[in-house]
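Biologist: I would like to learn how to read a model like this one. Please take the features one at a time.

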Amino acid sequence: MEQTNKKIGIYGCGGGGTNLLAMVEKKIKTENLAGVYAPYNAVYIDSSESNFDTLIPADAVKYRIPNLDGMGKIRDDMLEPARREAPNILFQYPPQDVNILVCTAGGGTGAILATVLAEKMWEAGKRVIFVSPASIESGKTAKNSLGHIRTLNNRAKANGQTSVLFYDNNEAGNKNRNEVDRGMVLGICALLDLYSGKHREMDTKDVEQWLNLGKSANLEPQLVLLDIDTNIEDAKARQYPISINAIYSEADATKGSPSADYLSEGYRRDGGGSLFFSIHTDGLGNIANDLQAVVTSYEQRAAARQSTANNALGSSNSNDGWEL
């Protein structure tokens, strides 16, 4: 049996998430890919009107969280509004069987909102994939990014679910934000390709089980990473993958398979390149440790700065702080 065409839900959350979703839609429109990929419902959600600019398609579906004007990267302030608005958002824009939640890890609105939406979707029996690039350009964004990673793991365990995260870091290696954004956009497009229903020998249940990690791979609730490779050798080199969906090009069809606890395979009809969707935990500890190291560095810098200022200015000898 062949895979049926699935409709995907894509929720752009916060300023970074709405920008990435707009880039995806621009690519699909510019390259005439609407008939190639799975159909999808897209909604742009933010707490600030300033992000609903000309980058977002004029006919886009938008949800403006009322009585707010951004979060200023303060995660704490977003939790109550996110919990208040999530039922209404999902009533107006119901989740599909598979939903892509797009947000930046370092912001104040998107990461909290996406996580709250995910919990509601899990309750409804829906699958969720997070697309979240991290930011470490400031102490606050680094701390937020670490908080997002830890929260995804904690909430997955609390809900008996698996948080699947497609991740990159704006400052990792020699990458810059534009490169990371392009990678995020290509990843979302690859997921729409996966669910298009156009691949030979890949049926609906195969693709569904790829994300059903508790059943297909006996995995306990936790955070896991998703990586998407276009080179078969890169896919084979991944350490201890849990679940893989492989779409082979004609050139790769006879080169063997990557190994995983669960493997689903299909073949291109359209002459396109290979795609390998690997879910794993390899390097997850390194991501958390690297973010913690950055946060600690910023904290140490702040402490040293304050100590220097205190030593230079001294303390007041008067009761009210006036030096006369």
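Modeller: Start with F276, which is buried because its relative accessible area is 0%; buried means under 20%, exposed over 50% and partly exposed in between, with a 1.4 Å probe and protein chains only. This is a predicted model, where local features need pLDDT of at least 70 and side-chain atom pairs count only at pLDDT 80 or more, while totals for chains, interfaces and linings use all residues. Residues are numbered from 1 along each chain as its sequence is written, and side-chain values use heavy atoms, leaving out hydrogens and water.

Biologist: Is Y248 buried or exposed?

Modeller: Y248 counts as buried because its relative accessibility is 2%. Ring pairs also join Y248, Y267 and F276 into a cluster.

Biologist: What is the strand order of the sheet?

Modeller: Strands pair if DSSP finds at least two bridges between them. Here 10 strands make an open sheet with mixed pairing, in the order β3-β2-β1-β4-β5-β6-β7-β10-β8-β9. At the edges, β3 (62-64) and β9 (262-267) each pair on one side only. Within the sheet, β6 (residues 162-169) and β7 (residues 222-229) pair in the parallel sense over five bridges, and F166 has L226 as its bridge partner in β7.

Biologist: Which residues touch the most other members of the largest nonpolar core?

Modeller: In soluble globular proteins, nonpolar side chains tend to be buried together. A nonpolar core is a set of buried Ala, Val, Leu, Ile, Met, Phe, Trp, Tyr and Cys residues joined through side-chain atoms within 4.5 Å. The largest one has 48 residues, of which L194, Y195, W210, L226 and F277 touch the most other members. Helix α5 (residues 177-194) gives the largest share of this core, nine residues. Apart from it lies another core of 42 residues, including I65, L68, L146 and L165.

How values were computed:
Helix = DSSP H or I, 4+ residues; strand = E, 2+ residues; numbered from the N terminus. Phe/Tyr/Trp six-rings, centres within 6.5 Å; stacked < 30°, edge-to-face > 60°.
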